[in-house]
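Hello,

Here is the structure I promised to pass on to you.

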Amino acid sequence: MSESNTLVELVERRLTAFCAERREQLTAIEPELGQVIDFIQGLLIGGKRFRALFAYWSWASCLNATDLVMTEEQKERSASALVDICAALEMFHAAALVHDDLLDNSDTRRGAPAVHKKFETLHENSSWAGSAWRFGQAGSVIAGDLMLGWSSELFDSGVKRAPSGEIAWNCRDEFAKMRIEVMAGQYLDVLEENAGPTRPAEEALGRANRVMLYKTAKYSIEAPLLLGAAFCGASADTQRGLSAFAIPLGLAFQLRDDVLGVFGEPEVTGKPSGDDLREGKRTALVALTRATLNSSTGKIFDELMMNRELTNEQIRLLQETIRGSGALAKVEQMIDEYGTESLLALKQLNLDEFGKSQLEMLAKKVVNRSS
């Protein structure tokens, strides 16, 4: 079994054990709270574990390139602690998905009902009083909040076993910065959906890039890499080099997500075709399209993008407009350019060669994924 597969297995085992502990704690309060754990665990199963893998291979790559001297026993203890940090990243990511699906009114996640829809269905099947829709909203907010708290618990469990106090504090700083930046990016995303149509179209790409940077690039790629590096005491120069690798890769990651959100196959992505269009996402793909349209066509395009009840025919019309504008080809070119920039930055890093090769493989999976 490869190191990557071993890490994924250890992280999943840790998440399962953690949820079992919390199930016992919650059901002691009220047995019906077990349903909350069921929905949370359903979301935690599967996924690509990119964040955990980037953190691990950053740590492994930097381990022999730092001034920190550790015995093999200390390295093993550090690796064990790192599993909790990786599990924390995955728990945080799952919490963000719960809230993201609610904010976007997206009913599916990985081919299954989103958490807010599961709570809504629970209400309907139980014939309870009140609004099933509002119960679904409330339940998913609470579940997401629980998971945010639990991600901090897992993180603290790992970081308190850091090789030194300084390393522990550096990791805490990175984790805190990640939380702030992703929430900022999430708000900017919501803001753009609502305010974007009222603002100059020529500014749309810049605003979309800002959302990409904070909602995805820094949180999904840069933060895990910097946490892994910080956990073994990597230098400031190394961390700056990792950021140079991470940011363009994170932008490519989000641009690929944008393409899949409009043109992805439902059986592969686990979401309906054109889901981003139904949600009115003002992505780089949309911004590049809008910039090519004249005023009358642009007005129709904007009206459709603000319609949350698009028909399949309207989705196809928007897809054809995006493809015909040249925006899809331009985004594919941007993905390729960002991917190349990222790999060039990785090559310049003075890290363990095997670890670098694993980071390169991860980077290529991020850029070339189909879901």
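First, the ground rules. This is a predicted model, so local features need pLDDT of at least 70 and side-chain atom pairs count only at pLDDT 80 or more, while totals for chains, interfaces and linings use all residues. Residues are numbered from 1 along each chain as its sequence is written, and side-chain values use heavy atoms, with hydrogens and water left out.

Let's start with the helices (DSSP runs of H or I, at least four residues, numbered from the N terminus). Helix H3 (residues 50-62) packs against helix H4 (residues 72-104) at an angle of about 150 degrees, and their axes are 8 Å apart. Here the axes are lines fitted to C-alpha atoms over the stretch in contact, and angles run from 0 to 180 degrees between N-to-C directions. H3 and H4 are therefore roughly antiparallel, a label for angles over 145 degrees. On the H3 side, the contact (heavy atoms within 4.5 Å) includes Phe50, Tyr56 and Trp59; among the H4 residues that take part are Leu82, Cys86 and His93.

Next, the cysteines. A search of the whole structure finds 0 disulfides (pairs of cysteine sulfur atoms within 2.5 Å). Cys62 has its nearest cysteine sulfur, that of Cys232, 4.8 Å away, and this is too far for a bond. Both residues are buried (under 20% relative accessible area, with a 1.4 Å probe and protein chains only): Cys62 has a relative accessible area of 1%, and Cys232 is at 0%.

Leaving aside residues up to four places away in sequence, Glu222 touches Ala217, Ser243, Ala246 and Ile247.

Finally, Gly136 lies in helix H6 (residues 132-159) and is buried, with a relative accessible area of 0%. The C-alpha atoms of Gly136 and Glu124 are separated by 10.0 Å, and the two residues are 12 apart along the chain.

Best wishes

How values were computed. Buried < 20%, exposed > 50% of the residue type's maximum accessible area, 1.4 Å probe, protein only. Helix = DSSP H or I, 4+ residues; strand = E, 2+ residues; numbered from the N terminus. Parallel < 35°, antiparallel > 145°, perpendicular 65-115°, else oblique.
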